[in-house]
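Subject: Structure handover

Here is the structure for your files. The notes below it say what was found.

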Amino acid sequence: MPNFSLKDQVVFEAARQFATPFHLYSERGIRQTARALKDAFGEIEDFREYFAVKALPTPAVLRILKEEGCGVDCASATELMLADACGFQGGDIMFSANDVTGDEFALARRLGAYINLDDITHVDTLAKNGGGPETVCLRFNPGGTFRIGNAIMGDPGDAKYGMTRPQLTEALLRLRDLGAVRFGLHAFLSSNTTDPAYYPALARLLFQTGRELMDESGMPLAFVNLSGGIGIPYRPDQPVTDIRAVGEGVAREYRRAFTENGIRGVAIKTELGRYMTGPYGSLVSRVLHIKNTYKQYVGLDACAANLMRPAMYGAYHHITVLGKEDAPCDHVYDVTGSLCENNDKFAVDRALPKVEIGDLVAIHDTGAHGFAMGYNYNGKLRSAELLLHANGEVELIRRAETPADYFATLDFTHLF
């Protein structure tokens, strides 16, 4: 749930000032989470969060995270350019390569970013496009099924990311020949988990693998990147991640693997997105239609182009009818958008208070992978983004698209 009360008049005032739909983010919530994360990992001397830009590529939000000491994790040339424009430099940037071009490697090298190689073939691509850096990171895919106890957390063997264990050694020795003098290690093995045991289990795997690679290469391990995967509770009855327990668990594994064995200087990095901003955004939309056929439908002025996750994944996002928070949820609706696609539904058979045309609704937890996954199907235009500052003021941080934006990349000259 967002770190501001949707009962507050601020949402109604914003809806009067700015056309719906729009995404509204809480500055206070984002700052508090950044600080809580840093505090949770306080036992580790060199810890830093690299916010996953793909989750919310909005300069005003990136500025907040930069002020809180975070770096950024980028996955494309455009995200690298955005990071550069927002003042992130050199080691502030992690570039997680995934089927990228040589030009993107070259840009990352010019910016002085850490480069996280996804495949052994990328070693030669990097060498030809900016050369091998002194510090380079390798992405590990251990294969098989990743478990914590009897719980299956993911199936790395089915994922397109990362290198096998033998490939790590081969890549690292090749990189050493190209001039690398230290290395980092990275893996992403589970998505959106609130289980506090996930990061410590992943850390144990990476710490052990990192020590093995140190012995095999003679190179020091500069850092371990635990990637993302720490989740948020999309449903009201789901548990919140105990981030302090997560940090303490990682610190315990760190002591066992490194401190107690006289190994110093290994930094810990994370690249969280959803956890950092997800709960602190809501998609605010107005009810346009009520339709009664075989079911009851609530038609919004937002659609899957504003929030793809329910249509794409069947993902649950909690919905509040503003001003009716205390009313009984005694009606059942499908909540839909206007795309010419039957999966354009924010909710199916959702119990809500009686909904009327003109009501405002808030779709919760859109602060990550919400606006960022927007698109223009059916000629739909991306919405505005607003930021609720800690002082209660609401700022427009991205204007809504206009038809001129939609047509700007089209060339009609050959038609006339």
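Salt bridges and other local features

Glutamate 68 and arginine 31 are both buried (under 20% relative accessible area, where over 50% is exposed and in between is partly exposed, with a 1.4 Å probe and protein chains only). The model is a predicted one: local features need pLDDT of at least 70 and side-chain atom pairs count only at pLDDT 80 or more, while totals for chains, interfaces and linings use all residues. Residues are numbered from 1 along each chain as its sequence is written, and side-chain values use heavy atoms, with hydrogens and water left out.

Glutamate 68 and arginine 31 form a salt bridge (a side-chain nitrogen of Lys or Arg within 4 Å of a carboxyl oxygen of Asp or Glu), with the closest N and O atoms 2.8 Å apart. This pair links distant parts of the chain, 37 residues apart: glutamate 68 is in the loop between helix 3 (59–67) and strand 3 (71–74), and arginine 31 is in helix 2 (residues 27–40). Helices (H or I, at least four residues) and strands (E, at least two) are DSSP runs, numbered from the N terminus.

A second salt bridge joins arginine 255 and glutamate 43, at 2.2 Å from N to O. Arginine 255 is in helix 9 (residues 243–257) and glutamate 43 is in the loop between helix 2 and strand 2 (47–52), so the pair ties together parts that are 212 residues apart in sequence. Arginine 255 is partly exposed, at 31% relative accessible area.

Glutamate 134 and arginine 182 also meet in a salt bridge, at 3.9 Å from N to O. Here glutamate 134 is in the loop between helix 6 (122–128) and strand 6 (135–139), 48 residues apart from arginine 182 in strand 9 (residues 182–186). Salt bridges with shared partners join Glu27, Arg31, Arg35, Arg63, Glu67 and Glu68 into one network. Over the whole structure, the search finds 23 salt bridges.

Glutamate 79, in helix 4 (residues 77–85), is buried but has no salt bridge. Apart from neighbours within four places in sequence, glutamate 79 is in contact (heavy atoms within 4.5 Å) with Val53, Lys54, Asp73 and Cys74.

Phenylalanine 407 belongs to helix 12 (residues 403–407). The relative accessibility of phenylalanine 407 is 42%, so this residue counts as partly exposed.

Notes:
Lys, Arg positive; Asp, Glu negative; His and termini not counted.
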